[in-house]
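Hi everyone, thanks for coming. Let me put the structure up on the screen, and then I'll walk you through a few spots in it.

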Amino acid sequence: MHFSVPDTVDLKDKNGSNYTAYNVHINSSYHCGIRYSDLYQFNEQLRKEFGPRVSAKFPPKRLLSLTPIQVEERRDQLEKYLQAVCQDPEIVSSSLFVGFFLNAQKESMKASPESVQLYIFLMKGQKVALTIKSTDRTDDVLETFMAEIDLSEELVYYFGLFLMKRTEDGEARIVRRFQNYEAPYLTVKQETGTCRVAVRKTLLWDLQIEEKVLQDTIGMNLLYVQAASDLEKGWTHGPKEAHNKLAQLKQKGSKIEFLQLARSLKFYGYIQFKPCLTNYPEEDTRVIISIGNREVNFRLQTPNNKVQEGSFKVTRMRCWRITSTSEINENGEKVEHLELAFEYLLRKDQMKWIIIYSDQAIHMSLCLQSIVDEILRIKDGRPVKRPKDRSKSKKEATPDFHRLDSVSSAASMEGENEKEGKVVTNENNNSSSPSRPGQIEQLTSLGKTSSVKQASAGKTQVLKQKVPQTSNAAVKTNEVFEGIGDDDL
């Protein structure tokens with residue numbers, strides 16, 4: 001989970017008193033504006049429930065009004081605090097954490113529960129209209145959708161809801177997966193551009209897990225629609241004969257046979273990202289990145305127009321981090337740059353930082369996290385969550401919020417409907433989360449807390465300019481990291 005608090009806004013409460021709201025962005029999207037007093041109360045409740053596990057330093061109260069410099073210091077401290085807290089998966093999944101940020105989103109948008117229609121799209125563009133409450137959280141919406149299409153309850157959480165946006169070339173791209181601390185309807189309403197809520201498999205990075213889904217007619221159809229979409233986009237690779245055979249099976253409506261053949265092709269089930277730059281094997285190398293089957297695959301074109309390929313196993317990544325930097329362009333506009341960097345075991349005793357420069361870096365990071373979560377779940381023998389495992393009646397233990405009586409331009413939510421989904425024009429036009437130059441916003445991985453080993457300039461040249469120094473945020477090692485090195489890719 002990627003937290004940032006890029007800016008603040010001065011507002012007035014219902015009594016006319018001035019206060020500062022801190023704009024919180026999560027996973028590259030504006031989520032809410034929160035008062036310091038609400039975050040203070042949230043921290044107190046976290047410490048009461050989780051004790052010493054909440055070791056992150058929270059900025060102290062001040063008796064007098066803050067100067068602009070002090071507000072900026074507090075903003076930076078709150079950002080580091082949230083980044084550290086979200087490193088603990090038990091805290092992040094707790095009803096306290098989820099309820100707090102869900103309520104914060106509702107309050108920021110002044111949203112009250114009302115019946116609304118939300119379209120859920122399949123990967124080929126088909127859509128299902130759901131009648132939900134505007135403030136329903138992600139799990140509620142997912143379960144409502146799966147009940148609508150009559151998928152077995154055992155398979156509901158093999159799938160997830162994703163935010164998709166239409167790009168300038170007309171293609172709908174996956175931005176990220178919706179989390180349970182947000183209401184998808186409200187999130188889509190505040191996003192810019194043409195957005196969709198789409199369903200896609202999430203816990204199926206290992207093809208063996210897919211066998212259970214194939215035995216269910218509805219589950220099989222969901223997999224078929226996704227496989228056909230990925231094939232159409234060129235995400236799945238295979239010989240011409242296989243593609244011709246798939247076209248014939250699709251025309252005949254032979255879905256099982258189609259899936260059986262598609263599953264044998266390269267990159268089946270992978271997510272492919274748009275072309276971007278990386279520092280491997282050398283700086284400013286243009287690559288196409290695909291993530292799936294517990295690996296990150298690089299495809300690049302060499303100077304002699306040959307395609308070179310290399311794969312990085314997730315189990316060889318000691319840690320990874322998202323870096324967000326911003327600059328002012330010649331038009332006076334703030335431009336954000338995102339990077340995903342992971343420390344990789346190339347060979348025994350040889351680690352190297354591989355850096356990906358992409359505005360899809362956060363989605364890549366969330367894919368890595370999902371793969372690691374799946375590996376650990378299988379290793380521990382834990383079952384996939386089911387709808388009946390959730391307690392929907394339990395009242396969330398969340399602080400009372402001071403309702404935001406004014407809305408900043410950064411949190412402007414005006415929008416309109418569009419025939420293929422919700423379209424919102426955000427006056428701030430900042431769906432991503434700008435940050436201060438040189439600031440590491442998050443370091444993500446799974447496992448026991450430790451510090452990140454910073455490679456020396458002599459051993460790891462890629463760090464000398466492109467990777468800023470790490471902050472004091474909590475860092476976790478990867479419990480599925482293997483201490484055996486491959487030969488150079």
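Let's start with a quick one: is Asp349 buried or exposed? Asp349 is exposed, with a relative accessible area of 65%. For these words, buried means under 20% relative accessible area, exposed means over 50%, and partly exposed is in between, using a 1.4 Å probe and protein chains only.

Before I go on, some housekeeping. This is a predicted model, so local features need pLDDT of at least 70 and side-chain atom pairs count only at pLDDT 80 or more, while totals for chains, interfaces and linings use all residues. Residues are numbered from 1 along each chain as its sequence is written, and side-chain values use heavy atoms, with hydrogens and water left out.

Okay, the overall picture. The chain has eleven helices and 21 strands. Those are DSSP runs numbered from the N terminus: helices are H or I with at least four residues, strands are E with at least two. Of the 489 residues in the chain, 54% are buried. Now take the contacts with a separation of 6 or more: 65% of them are between residues 24 or more positions apart. A contact here means heavy atoms within 4.5 Å. The chain exposes about 22700 Å², and carbon and sulfur atoms supply 46% of that; the areas come from the Shrake-Rupley method with a 1.4 Å probe, and for residues only the protein chains shown count as cover.

Back to Asp349. Asp349 sits in the loop between strand S15 (334–347) and S16, and its phi is near 70°, a positive value in a residue other than glycine. Lys110 also has a positive phi, near 50°. You'll find Lys110 in the loop between H4 and strand S4 (115–121), and Lys110 is partly exposed, at 38% relative accessible area.

What about S16 itself? Seven of the eight residues in S16 are buried. Met351 is in that strand, which covers residues 350–357, and Met351 is buried at 18%.

Next, a sheet. Three strands form an open sheet in the order S1-S2-S3, with antiparallel pairing. Its edge strands are S1 (3–12) and S3 (29–35), each pairing on one side only. On average, neighbouring strands in this sheet are turned by 30° against each other, direction ignored. Eight bridges join S1 to S2 (residues 18–26), and Leu11 has Tyr19 in S2 as its bridge partner. H2 packs on the sheet and touches S1 and S2, its direction making about 135° with that of S1. Helix H4 (residues 95–108) lies across S1, S2 and S3, at about 90° to S3. For those angles, axes are lines fitted to C-alpha atoms, for helices over the stretch in contact, and angles run from 0 to 180 degrees between N-to-C directions.

Last topic: aromatic rings. How many aromatic pairs are there? The count comes to 19. Rings of Phe, Tyr and Trp (its six-membered ring) pair if their centres lie within 6.5 Å; planes under 30 degrees apart are stacked, over 60 edge-to-face, and the rest tilted. Why is the pair of Tyr40 and Phe58 edge-to-face? Because their planes are at 70°, with the centres 5.9 Å apart. Tyr40 is in helix H1 (residues 36–50) and Phe58 in the loop between H1 and helix H2 (68–85), 18 residues apart. Tyr40 is partly exposed at 25%, whereas Phe58 is buried at 10%.

Ring pairs also link Phe3, Phe42, Phe97, Phe100 and Phe101 into a cluster. And to finish, Lys233 lies over the face of Trp235, 4.4 Å from the ring centre, while Lys385 lies over Tyr157 at 4.3 Å. The rule there is NZ of Lys or CZ of Arg within 6 Å of the ring centre and within 35 degrees of the ring normal. Thanks, that's my tour!

Terms used:
Two strands pair if DSSP finds at least two bridges between them.
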